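Please look through the sequence and the model shown here before reading on.

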Amino acid sequence: MRLLIAVLLVVLAAAEDGSRAWLRYARVPNASSYRFLPSSIVALNSTSSSPIYTAGRELQKGIRGILGTHININGTAKQGSPSIVVGTVDAYQKIYGDLDEVEDLAGDGFFLSTEGRNVVIVGQNERGALYGAFEYLSRLGQEKFDPVAYVSNPHAPIRWVNEWDNLDGSIERGYAGPSIFFRDGYVVDNVTRVAEYARLLASIRINGIIINNVNANPELLNSRNIEGLGRLADVMRPYGVQLGISLNFASPQRFGGLDSFDPLDPKVDAWWANITDKIYSRVPDMAGYLVKANSEGQPGPLTYNRTLADGANMFARATKPHGGIVMFRAFVYDNHINPANWTADRANAGVEFFQHLDGKFDDNVVVQIKYGPIDFQVREPPSPLFSTLRKTSTAIELQVTQEYLGHQCHLVYLAPLWKEILEYDLRADDKPSKVKDIISSERFKRPLGGSAAVVNVGTNTTWIGSHLAMSNLYAYGIMAWDPSVEPDEVLQDWIRLTFGFDRQVIETMTDMSLKSWPAYENYTGNLGIQTLTDILYAHYGPNPASQDNNGWGQWTRADKDSLGMDRTVKNGTGNARQYPPAIARMYENVETTPDNLLLWFHHVPYTQRLKSGKTVIQHFYDAHYDGASVAQTFVKQWESLEGKIDVERYEHVRFLQTYQAGHALVWRDAINQFYYNLSEIPDEAKRVGNHPYRIEAEKMSLSGYKRYAVSPFHTASGYTAVITTSNSTIGIATANITYASGTYDIAVNYYDLIGGKAQYQLDIGNRTIGTWTGDLEDRLGHAPSIYLDGHSATRITFRGVKVNKGDMLKIVGRPDGIEPAPIDYVSFLPPGLVD
Ligand code: GCU
């Protein structure tokens, strides 16, 4: 029995369910070649809520895992025996005397030395020391054993994450299960997972977390929840992660019972001061507030004809005495603008709403700006607001959450996208003005600045729904600390820590990840047109028509002859003028606008020639074929790693990559079909609309099935699918196979809706090739759909099936709930071919 328990413990300890992320502390292959290991850890603060105490424990745990050695933690160093000493500068110098190197330490910075007899880890503050400990462990975990001594300082003081969790436990744009913070209206009782998350965040030097949705519920402010906030802060404090909350601007009225929420009304001001004091008495180190006001239906100061600065400063006054800050979001726009107005432009909103307020914000206010002028699209220029606000502290808002980029079901390594934005030189006053230097406050010499990323972890053991997507969270933290790092280097550190040292694993995963953003851009929306996802529903699958003719302002302005937003000054919305002159000139002129933003700034004919020599429409067609074919190679690349990665993570990633490969084809065909239909310009390579390997379900003999016109039309091959005639009728679709006898990969495209688990059986001749269930809603985290559309469209493939000409193809579909066992088409693919 004991043996069994021991075996079980080992198995459990080794479970690779993703929960340990990059903090696995796996034994390194050459542990014995690390010769300098001290025999004790000296943590210069033994209070259990102190990050120094945490650092000591973490070092002990990490070294045990990585090197297989147990070391004790002591209050002081033993005479004569080398130690790892971890503490603040002050604590260290009191005991060990002056340390010259620490003169350059900035807030949260650390000094790490492995050169002397002792390993020295000294933080400017306690949090910095913990960062140093994680850095040391990261080095050991990657076998970076060479002696080093260096100071590391953050690029910017604000390095936060934003969770969009609702009090009922759901998460806005969350793809990994329900909230770890809230349930049924209140903060959860069990906060273990929150502590684990704080640990992950600390290891990538994130120092603040907003735990609730920007679309905030005022009930967060009730007494039970304030007590809950205290509990959350208590478990995050040992990791140096400060808690903050999103506020609902109308709380004084909706929750406090006042008759107003006017920021210049003294009783409103007093109400906020009072509730803020109450929260700080339970969470004395609260980071501050995040506010979304007058945006997408949220209340704000404009209701009372007050300015956004009046609104922000009200919170600034309340938090100032406590040292808190206010992140005020620049995502303010009118979502009812008139599409018939050629000069209207949502991209102008940020500058229009905030420019005249520059200098009017209190010094503990930071304006938090999404990286592009619209909304986390696959390609956007940086927001012109970064170069507009000179007397205001700013932070960049990024999204680890892949809201418009495949909901973590598509591999999209985002660090290269962020890098492009951060390194972008906006040339304010014709001087170097990189976005990264603006948000760090270096360029305009502001008191605060930094970054925030929407993350949306859930209860799923993988944290965000996919093992590979965690590289984005890792890279976000590392880049917030030091934006000069290269995306491939960050990635490889992450791979070594998460998956080990095998060269093939590192090379393959690097290759896949670095190809992933361009591939996704290629098979979704190119040339700056945006992602072309369905912006009115799930933000997931293709629906380019959803962008236009509504008030949301994510327009593509596609018509029969032309497409793109004209953002020029001479003829369009004037958005180009919001950039400093050198940049404005570049974007004003179609010749000097880079191809990848052509349709962001210009409205051009489909026949416009790009710098590559291709026409816009042919580029669309080619890019969609290229991008989708790269997504197919990810499956093979991943499968080449079988046996080199634990089964649990291998299988999960394989499942997701296979799914992505199928959905990339859905994207490719939908977008190409849509623009072909609109422009009537054929694909030079004759691929679009021409699918010789497909048998359309609607053309098969049907019994219990009926034809169904799918909407949007372009999300079905031939615009039509089949569904069962009722939700209790079994459908049978048959056809004679006319392809030459041989071996084929057989792909079935079908729709997997939420609200039912239909069952399918595929027969060839009298052999059953496979059965499957429409249960992707349980296996994928993406926002599900109740319709046959671009979100629910998917593919299953049976490889290497022997087929004889004349065999009968038969699919039997059993509906379930509202899922009528929908089928789009069946492909017979000669090996190696993807139709
Ligand atoms: C997007 C997103 C919303 C979110 C909003 C925001 O529009 O779809 O879910 O609330 O951004 O950032 O406030």
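The model is predicted: local features need pLDDT of at least 70, side-chain atom pairs count only at pLDDT 80 or more, and totals for chains, interfaces and linings use all residues. Residues are numbered from 1 along each chain as its sequence is written, and side-chain values use heavy atoms, with hydrogens and water left out.

**A helix pair**

Helix 16 (residues 503-523) packs against helix 19 (residues 616-639) at an angle of about 155°, and their axes are 8 Å apart. Helices here are DSSP runs of H or I with at least four residues, strands are runs of E with at least two, and both are numbered from the N terminus. Axes are lines fitted to C-alpha atoms over the stretch in contact, and angles run from 0 to 180 degrees between N-to-C directions. Helix 16 and helix 19 are therefore roughly antiparallel, a term for angles over 145 degrees. On the side of helix 16, the contact (heavy atoms within 4.5 Å) includes T508, M512 and Y523, and on the side of helix 19 it includes A623, F634 and W638. The residues of this contact divide into ten nonpolar, six polar and two charged. In this scheme Ala, Val, Leu, Ile, Met, Phe, Trp, Tyr, Cys and Pro are nonpolar, Asp, Glu, Lys and Arg are charged, and the others, Gly among them, are polar.

**Pocket and cavity**

On a 1 Å grid over the protein atoms alone, a cavity is a set of points where a 1.4 Å probe fits but cannot get out; a pocket is an open set with protein on both sides within 12 Å along at least five of seven lines, and lining residues have an atom within 4 Å of a point. Grid points are joined across faces, edges and corners, and a volume is the space filled by probe spheres set on the points.

| Space | Volume | Lining |
|---|---|---|
| Largest pocket | about 760 Å³ | 30 residues |
| Largest cavity | about 140 Å³ | 17 residues |

V635, T658, A661, T797 and R799 lie nearest the centre of the largest pocket. Helix 20 gives the largest share of the pocket lining, eight residues. By class, the pocket lining has twelve nonpolar, nine polar and nine charged residues.

The whole structure holds eight cavities of 30 Å³ or more. Nearest the centre of the largest cavity are A330, F331, G350, G372 and P373. The largest share of the cavity lining, three residues, comes from helix 10.

Terms used:
Angles under 35 degrees count as roughly parallel, over 145 as roughly antiparallel, 65 to 115 as roughly perpendicular and the rest as oblique.
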